[in-house]
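Hi there,

Here is the structure I promised to pass on to you. Have a look at it first, and then read on for what I found in it.

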Amino acid sequence: TMPHSHPTNTSLSELHLTGIPGLQHLHHWISIPFCVMYLITLAGNSILLCVIKADPSLHLPMFLFLSMLAVIDLVMSTSITPKMLGIFWFHSTAISLDACLTQMYFVHAFSVMESGVLVAMAFDRYVAICNPLRYLSILTSPIVAAIGLATLLRAVVFMSPLTFQVRHLPLCSPAVVDHSYCEHMAVLKLACGDAAFSNTYSLSVSTYVGSFDSLLITLSYVLILRAVLSLSSLEARKKTFSTCGSHLCVMALFYVPGLLSMYMERYHQDLPPHVQVLLADIYLLIPPAFNPLIYGIRTKQICDGARRAISR
């Protein structure tokens, strides 16, 4: 295990990530599922992107949103996992302040983007099921691109002030971040100055994004449910439920651990720190690994597209 007390004169151009506080002796074991999940993320999302790109019949709005999700998942997990595995395997805990802030920016901005794309996907299913004849005239390519751009801009607008604030806060030594990546709240604990504004801002943004987006998604699915229950044939109902089922799995995977980890960090200070850190890690590692599996296996068009690509 690593010594915990770094000299207090560490220049704060460099920080140290502890990995999973209190579980350093288990780092080698913990690295195994983390590494496996990362490899599944890389393989699954890359295959998904290749299948969608190679098959013209998959160039539909639903699959374009799915491609956006795959790219976001690749970036989000790549921004934290290689460094995390470096800590677990080689005790390489040092990270420069700039790298740390960049990592923080990517993790949080891409989480906001992922949330936005999940809303877009719920809207896509709503249009497809409640307005099937006008589906392609409503969700034209420019509209899909505009939605993608809007989710990107929203993430940049929300997350830039956050990173900017931390950059300008005086940080105190010892420069030890009790986390396995530069999570905003964990870095904020090093602030010597008044971090109240940054604290409140981050809680407001995450609560707003989480609740506003889940509300829009819930609304879409309530309308979808109403439409589905009015379908006469049982077969049509089953087919619709199966598509929406995979979407709801992905959304639950994303929002439940995310909100849990955020609120536990705020309000359950008595929880052992490794519980909070593991929750935060799982929240960033599981959805990117499972999204392509859930969509790839549960979406008939993607399975067919993959078969066609392989047979070619």
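Predicted model: local features only at pLDDT ≥ 70, side-chain atom pairs only at ≥ 80, totals over all residues.

Helix α3 takes in residues 97–130. From its first C-alpha to its last it reaches 49 Å, close to the 50 Å expected at 1.5 Å a residue.

Ser-111 has its place in α3. Is Ser-111 buried or exposed? Ser-111 counts as buried because its relative accessible area is 9%, and the cut-off for buried is under 20%. If you leave aside the neighbours within four places in sequence, Ser-111 is in contact with Met-76, Phe-254, Tyr-283 and Leu-284.

For a second example, go to helix α8, which covers residues 234–267. Ala-252 is found there. With a relative accessible area of 40%, Ala-252 is partly exposed, since that class lies between the 20% and 50% cut-offs.

Next, the chain as a whole. It has 10 helices and three strands. Starting at the N terminus, the elements follow the order β-α-α-β-α-α-α-β-α-α-α-α-α, which you can trace along the model yourself.

How does the radius of gyration of the chain fit with a compact globule? For 312 residues, such a globule would have a radius of gyration near 20 Å, and the chain has 21 Å, so the two agree. Along its principal axes, the C-alpha trace spans about 70 × 40 × 35 Å.

Of the 312 residues in the chain, 50% count as buried. Among contacts with a separation of 6 or more, 77% are between residues 24 or more positions apart.

The accessible surface of the chain comes to about 14,600 Å², and carbon and sulfur atoms make up 72% of that.

Best wishes

How values were computed. Residues numbered from 1 in each chain as written. Heavy atoms only, no water. Helix = DSSP H or I, 4+ residues; strand = E, 2+ residues; numbered from the N terminus. Expected span 1.5 Å × (residues − 1). Buried < 20%, exposed > 50% of the residue type's maximum accessible area, 1.4 Å probe, protein only. Contact = heavy atoms within 4.5 Å. Rg over C-alpha atoms; globule rule 2.2 N^0.38 Å. Areas by Shrake-Rupley, 256 points an atom, 1.4 Å probe, with all protein chains shown as cover.
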